[in-house]
Amino acid sequence: MDELLRERDILNKNMLKAVNATQKQTDLVKLHEQAKRNLEGEIQNYKDEAQKQRKIIFHLEKERDRYINQASDLTQKADSVRMPWPLDKGKW
């Protein structure tokens with residue numbers, strides 16, 4: 001009978017160790033899942049920000065090209081009406 005009680009105590013002790021170990025693992029899994037969700041959220045934020053910046057870059061490049069074309073047009077107009085340089089003293 002004493003041996004059965006001792007065996008029961010050992011089994012209970014081992015069961016408590018297993019329950020504690022399982023709880024620790026469960027807590028670690030929950031912690032890692034939360035960390036994963038946080039990182040996924042950060043990654044999504046970076047992706048969103050990168051998309052916004054790509055749009056800004058696209059619009060800036062379009063604006064740059066428009067200004068280049070405008071400058072080219074104005075240069076052509078200026079060249080077409082440009083007076084000879086240096087100006088002849090007798091003509092002015």
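**View 1. Two salt bridges turn up in this predicted model.** One of them joins the side chains of R8 and D9, with 3.6 Å between N and O. R8 has a relative accessible area of 46%, so it counts as partly exposed. D9 is partly exposed as well, at 44% relative accessibility. As for the background, side chains of opposite charge can pair when their charged atoms come close.

**View 2. Here R64 and D65 form a salt bridge.** The closest N and O atoms of R64 and D65 are 3.1 Å apart. R64 is partly exposed because its relative accessibility is 45%. D65 comes in at 34%, which also makes it partly exposed.

**View 3. Now for an arginine over a ring: R66 lies over the face of Y67.** The distance from R66 to the ring centre of Y67 is 5.0 Å.

View 4. With 75% relative accessibility, M1 counts as exposed, since the cut-off for that is over 50%.

**View 5. Stepping back, the protein chain has 1 helix and 0 strands.** Of its 92 residues, 0% are buried. The chain exposes about 9,200 Å², and carbon and sulfur atoms supply 58% of that area.

Definitions and conventions
Residues are numbered from 1 along each chain as its sequence is written. This is a predicted model: local features need pLDDT of at least 70, side-chain atom pairs count only at pLDDT 80 or more; totals for chains, interfaces and linings use all residues. Side-chain values use heavy atoms; hydrogens and water are left out. Buried means under 20% relative accessible area, exposed over 50%, partly exposed in between (1.4 Å probe, protein chains only). Helices (H or I, at least four residues) and strands (E, at least two) are DSSP runs, numbered from the N terminus. Accessible areas come from the Shrake-Rupley method with a 1.4 Å probe; for residues, only the protein chains shown count as cover. A charge sits over a ring if NZ of Lys or CZ of Arg is within 6 Å of the ring centre and within 35 degrees of the ring normal. A salt bridge is a side-chain nitrogen of Lys or Arg within 4 Å of a carboxyl oxygen of Asp or Glu.
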